Amino acid sequence: MTITYLKRGKPEADRADDDAQTRAVVEATLKDIEARGDDAVRELSEKFDGYSPVSFRLSESEIEALMAQVTPQEMHDIKFAQEQVRKFAQAQRDSMLDIEVETLPGVILGHKNIPVQSVGCYVPGGKFPMVASAHMSVATASVAGVPRIIACTPPFNGAPNPAVIAAMHLGGAHEIYVMGGIQAIGAMAIGTQTIDPVHLLVGPGNAFVAEAKRQLFGRVGIDLFAGPTETMVIADDTAADAELCATDLLGQAEHGYNSPCVLLTNSLTLAEDTLAEVDRLLGILPTEPTARVSWDTYGEVIVCDTYDEMLAVADDYASEHVQVMTDRDDWFLENMTCYGALFLGPRTNVANGDKVIGTNHTLPTKKAGRYTGGLWVGKYLKTHSYQKVMTDEAAAMIGEYGSRLCMLEGFVGHAEQCNVRVRRYGGTNVPYGEGAPVHRIAAE
């Protein structure tokens, strides 16, 4: 059993950005926003985006004017994508049930799924206007029933991008702001003179956006800590060829200069052919300047002897996107435990998942798939429990157990909360500061 690297990417330890510098910049910027509010946001927008409108919030008439610039076909496509996202999010929401059960006679326990009351959705727009990110964050929040949804996106080429604004509006955003970067994250989380703060931040972004979310976590909730886009192609020579593998790798490599892309296979021939096909496609890909840097720096080709080895390597990488094209795709579905999302079979691809098929594309990176999934309708819901004790008998019985268990831990005041019910509803005179007497010893 061997695992061979035909191509290695930059070591993981060296993949971090200048974290210390980024942290310092973000910390200072957030403090400035907290101190000066709108003035700080405006200065940052002027500095980084060259954008300083009368108001960063778009009016209804401005939204309508921008949407009028979107072609009928583009509008149709946006609506189609949002319909798919809404369908899947609604199915997920329908699976999350409020419950109420009587665990003992007279003891009622339950939980309710309550929407977060306000959410800030960040839609990035650096190299590309991320229209699809509006579907994933705004429309999903709308399905969850969030009563206040605000959305921020940076200007694209000096102005609001009509398609992104259309997607935000159609998705259900109640407030739309044209601002990006740290200033958008800070304004939504901290609040300014004109923007009320939110309870939850969601959406991907660059290293500064991710760091701002990290520093604000706790003050507000966040969806997850997002890093550069990652993709892994798991393939054998029964279901895939070099063109499919190379296309699926480079399709994600064009996201940025630091997007890891990995081929994992048990076929040396497929691995070598894919390396050659990547070189050929880079010669004709319009986004080659970006994709080539990602491939050269972070691309990997790994050849294993067995499917079990492939599974072990895949779970260790915990890649954001995992494209599986083998003779046993369902086996990987059944056995893989660490990933962002799976794309099963040669007819499936990550781009469809990113843009239109209906699953959410905000997914865990940097091995976070080991402990969390991606953004989904449940992220916008809080599950809150409640209890009701309905009878005197139940109050006395539960109170006796609670009294003794509180005293076991030394919490006398806690015990008295139970004791007063034992006295009042059970008629037992428990001395103050003591545990309830033993009346019931369950058979073990």
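**Salt bridges, a sheet and a patch**

Modeller: Glu-277 and Arg-280 sit 3 residues apart in helix α10 (residues 268-282), so about one helical turn separates them. This is a predicted model.

Colleague: How far apart are the closest N and O atoms of Glu-277 and Arg-280?

Modeller: They are 2.6 Å apart, and the two residues form a salt bridge.

Colleague: Is Glu-277 buried or exposed?

Modeller: Glu-277 is buried, because its relative accessible area is 13%, under the 20% cut-off. Arg-280 is partly exposed at 45%.

Colleague: How many salt bridges does the count come to?

Modeller: The count is 14. One of them joins the side chains of Glu-34 and Arg-219, at 3.0 Å from N to O. That pair links distant parts of the chain, 185 residues apart: Glu-34 is in helix α1 (residues 19-36) and Arg-219 in the loop between α8 and β8.

Colleague: What does Lys-213 form a salt bridge with?

Modeller: With Asp-223, the closest N and O atoms being 2.7 Å apart. Lys-213 lies in helix α8 and Asp-223 in the loop between β8 and β9 (231-235), so the pair ties together parts 10 residues apart in sequence. Both Lys-213 and Asp-223 are buried.

Colleague: Switching to the sheet. What is the strand order?

Modeller: The order is β1-β11-β10-β9-β12-β13, an open sheet of 6 strands with mixed pairing. The edge strands are β1 (3-7) and β13 (341-344).

Colleague: Which strands does helix α11 touch?

Modeller: Helix α11 (residues 288-298) packs on the sheet and touches β1, β10 and β11.

Colleague: And which residues make the nonpolar surface patch?

Modeller: Phe-217, Phe-225 and Tyr-371 make it, with an area of about 380 Å².

How values were computed
Residues numbered from 1 in each chain as written. Predicted model: local features only at pLDDT ≥ 70, side-chain atom pairs only at ≥ 80, totals over all residues. Heavy atoms only, no water. Patch = residues over 30% accessible without salt bridge, like charges linked within 9 Å, V, L, I, M, F, W, Y side chains within 5 Å. Areas by Shrake-Rupley, 256 points an atom, 1.4 Å probe, with all protein chains shown as cover. Salt bridge = Lys/Arg side-chain N within 4 Å of Asp/Glu carboxyl O. Pairing = 2+ DSSP bridges. Helix = DSSP H or I, 4+ residues; strand = E, 2+ residues; numbered from the N terminus. Contact = heavy atoms within 4.5 Å. Axes fitted to C-alpha atoms, helices over the stretch in contact; angles between N-to-C directions. Buried < 20%, exposed > 50% of the residue type's maximum accessible area, 1.4 Å probe, protein only.
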